[in-house]
Amino acid sequence: MNLSCWLNMRYQYSILLFFTLFLMTEFQLNAQYFAQHQWQDRVILIYTPDADEDRWKSQLAILAADPAGLAERKLVVYQIREGYYRKGLKPKGDWIKMESSASSPSITIQGFEIILIGLDGGIKLRQNEYLSLAELYALIDGMPMRRAELRRQGG
């Protein structure tokens, strides 16, 4: 088996594991939403059952405080609420309805939650508390692929 095939299988396994370990209540989330980011971006999913929730709004504000830092670390943010999503950090805007599929695996999310998915498609963090920029950056900057990026940049 060549390296490319092994890496593709590893990514598919990570996505499958992500969706089978955490059975989602009230909506299904297909891997198609995040497959476009494989090896390109790190993804932060911010889930809220209520788009008026203060914790959710505060988390968006925390992340929006440093767009350059997020971009440098190749972070793409998805806001998710039951059955809908939107990309980016704006607290207002149109929600896009998720396509449901009975054959799609799903994840359970209870209340406010943040999930960080790495470049390899694996879950790097999952928590129900605020995530500070310092914590986020320390986690990402400690990842092997990020350290390699920094070495290539000379930093």
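Me: Which residues touch the most other members of the largest nonpolar core?
Reply: The model is a predicted one, and its largest nonpolar core has 19 residues. Ile44, Ile46, Leu63, Leu70, Leu75, Leu116 and Leu136 are those that touch the most other members. Two or more residues of this core come from each of E1, helix H3 (54-64), E2, E5 and H5. H5 provides the largest share, four residues.

Me: What makes such a set of residues a nonpolar core?
Reply: Its members must be buried residues of the nonpolar types, Leu and Ile among them, joined through side-chain atoms within 4.5 Å.

Me: Why is strand E1 described as largely enclosed by the rest of the structure?
Reply: To count as buried, a residue must have under 20% relative accessible area. Six of the six residues of E1 (residues 42-47) are buried, so the strand is largely enclosed.

Me: What shows that both faces of E1 are covered?
Reply: In a regular strand, side chains alternate between the two faces of the sheet. On one side of E1 are Arg42, Ile44 and Ile46, on the other Val43, Leu45 and Tyr47, and all of these are buried.

Me: How do you know that E1 pairs with both E2 and E5?
Reply: The requirement is at least two bridges between two strands. E1 has six bridges to E2 (residues 75-81), and these two strands run parallel. Five bridges link E1 to E5 (residues 113-117), in an antiparallel arrangement. On the E2 side, Val43 stands opposite Val76 and Leu45 opposite Tyr78. On the E5 side, Ile114 is the bridge partner of Ile46.

Me: What makes E4 and E6 the edge strands?
Reply: The open sheet has six strands in the order E4-E3-E2-E1-E5-E6, with mixed pairing. E4 and E6 each pair on one side only, and they are its edge strands.

Me: Why is the pair of Tyr78 and Tyr85 called tilted?
Reply: Two rings pair if their centres lie within 6.5 Å, and planes under 30 degrees apart count as stacked, over 60 as edge-to-face and the rest as tilted. Tyr78 and Tyr85 are 6.0 Å apart, centre to centre, with 50° between the planes, so they form a tilted pair. Tyr78 is buried, at 3% relative accessible area, and Tyr85 is buried too, at 14%.

Me: What does the aromatic pair of Phe112 and Tyr130 tie together?
Reply: This pair is also tilted, at 6.2 Å centre to centre and 55° between the planes. Phe112 lies in the loop between strand E4 (96-97) and E5, and Tyr130 in the loop between strand E6 (123-127) and H5, so the pair ties together parts that are 18 residues apart in sequence. Phe112 is buried, with 1% relative accessibility, whereas Tyr130 is partly exposed, with 38%.

Me: How do you know that the charge of Arg73 sits over the ring of Tyr137?
Reply: One condition is that CZ of Arg lies within 6 Å of the ring centre. The charged end of Arg73 sits over the ring of Tyr137 at 3.6 Å from its centre. Arg81 lies over the face of Trp95, at 4.8 Å from the ring centre.

Me: Why is Met145 called partly exposed?
Reply: Partly exposed residues fall between the buried cut-off of 20% and the exposed cut-off of 50%. Met145, at 32% relative accessibility, counts as partly exposed. It lies in helix H6. Leaving aside neighbours within four places in sequence, Met145 is in contact with Trp39, Arg42, Leu119 and Asp120. The buried residues of H6 (residues 144-153) are Arg146, Ala148, Glu149 and Leu150; they pack against E1, helix H4 (67-72) and helix H5 (133-141).

Me: What is the confidence in this prediction?
Reply: The protein averages a pLDDT of 79, and 70% of the residues score at least 70. Over residues 16-28 the pLDDT is below 50, although this stretch has 46 contacts in the model beyond near neighbours in sequence. Where pLDDT is low, predicted coordinates should not be read in detail.

Key
Residues are numbered from 1 along each chain as its sequence is written. This is a predicted model: local features need pLDDT of at least 70, side-chain atom pairs count only at pLDDT 80 or more; totals for chains, interfaces and linings use all residues. Side-chain values use heavy atoms; hydrogens and water are left out. pLDDT is the predictor's confidence in each residue, from 0 to 100. Contact means heavy atoms within 4.5 Å. Buried means under 20% relative accessible area, exposed over 50%, partly exposed in between (1.4 Å probe, protein chains only). A charge sits over a ring if NZ of Lys or CZ of Arg is within 6 Å of the ring centre and within 35 degrees of the ring normal.
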